[in-house]
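Visitor: I would like a close look at one part of this protein. Please take me through the disulfide and the strands around it.

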Amino acid sequence: QVQVAESGGGLVQAGDSLRLSCKSSGRTFTTYATGWFRQAPGKEREFVSAITWRAGNTYYADAVKGRFTISRDNGNDMMYLQMNSLKPEDTAVYYCAASSLSYPSGNYYYASKTYQYWGQGTQVTVSS
């Protein structure tokens, strides 16, 4: 019904910037929100950022506030994560996800279970 695919990962040095992209296809008019999650080896998948499609409300994990910026281009079904001042701790596989459901508060968008559609992931590696 809805497909999402990430791109833009790579190997960078600490302090560098990187922009991830997520392309949505299919029945994208049903999408209410999209988000970014990441998972490092041996760790749980964690929330990074999210944005609602209708109003553009944004949400960020404390670990990335002030460094990462999420945005979307409704007309092109694109979503982006601009990552600045990257740290080795940011090293992980990054996933984009989409939800076709709306929720009564922003708290829901921090949870993986909120999202029905997931990309394959793109590797981000930050060296010291």
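**The disulfide and its strands**

Guide: Cys22 and Cys96 are both buried. Buried means under 20% relative accessible area, exposed means over 50%, and partly exposed lies in between, with a 1.4 Å probe and protein chains only. This is a predicted model, where local features need pLDDT of at least 70, side-chain atom pairs count only at pLDDT 80 or more, and totals for chains, interfaces and linings use all residues. Residues are numbered from 1 along each chain as its sequence is written, and side-chain values use heavy atoms, with hydrogens and water left out.

Now the bond itself. The structure holds one disulfide, a term for a pair of cysteine sulfur atoms within 2.5 Å. Cys22 is joined to Cys96, with an S to S distance of 2.3 Å. The link of Cys22 and Cys96 is right-handed, with 65° about the S-S bond. Cys22 sits in strand 3 (residues 18–26) and Cys96 in strand 9 (residues 92–99), so the bond ties together parts 74 residues apart in sequence. Strands here are DSSP runs of E with at least two residues, helices are runs of H or I with at least four, and both are numbered from the N terminus.

Next, the neighbours of strand 3. Two strands pair if DSSP finds at least two bridges between them. Strand 1 (residues 2–7) pairs with strand 3 in the antiparallel sense, over six bridges. Ala5 has Lys23 of strand 3 as its bridge partner. Strand 8 (residues 78–83) also runs antiparallel to strand 3, and six bridges join them. Here Cys22 comes in again: its bridge partner in strand 8 is Met79. In a regular strand, side chains alternate between the two faces of the sheet.

Step back to the whole chain. The protein has zero helices and 11 strands. Buried residues make up 45% of its 128 residues. The C-alpha atoms fill a box of roughly 40 × 25 × 25 Å, taken along the principal axes. The radius of gyration is 14 Å, which agrees with the value near 14 Å for a compact globule of 128 residues. That radius is taken over C-alpha atoms, and the globule rule is 2.2 Å times the number of residues to the power 0.38.
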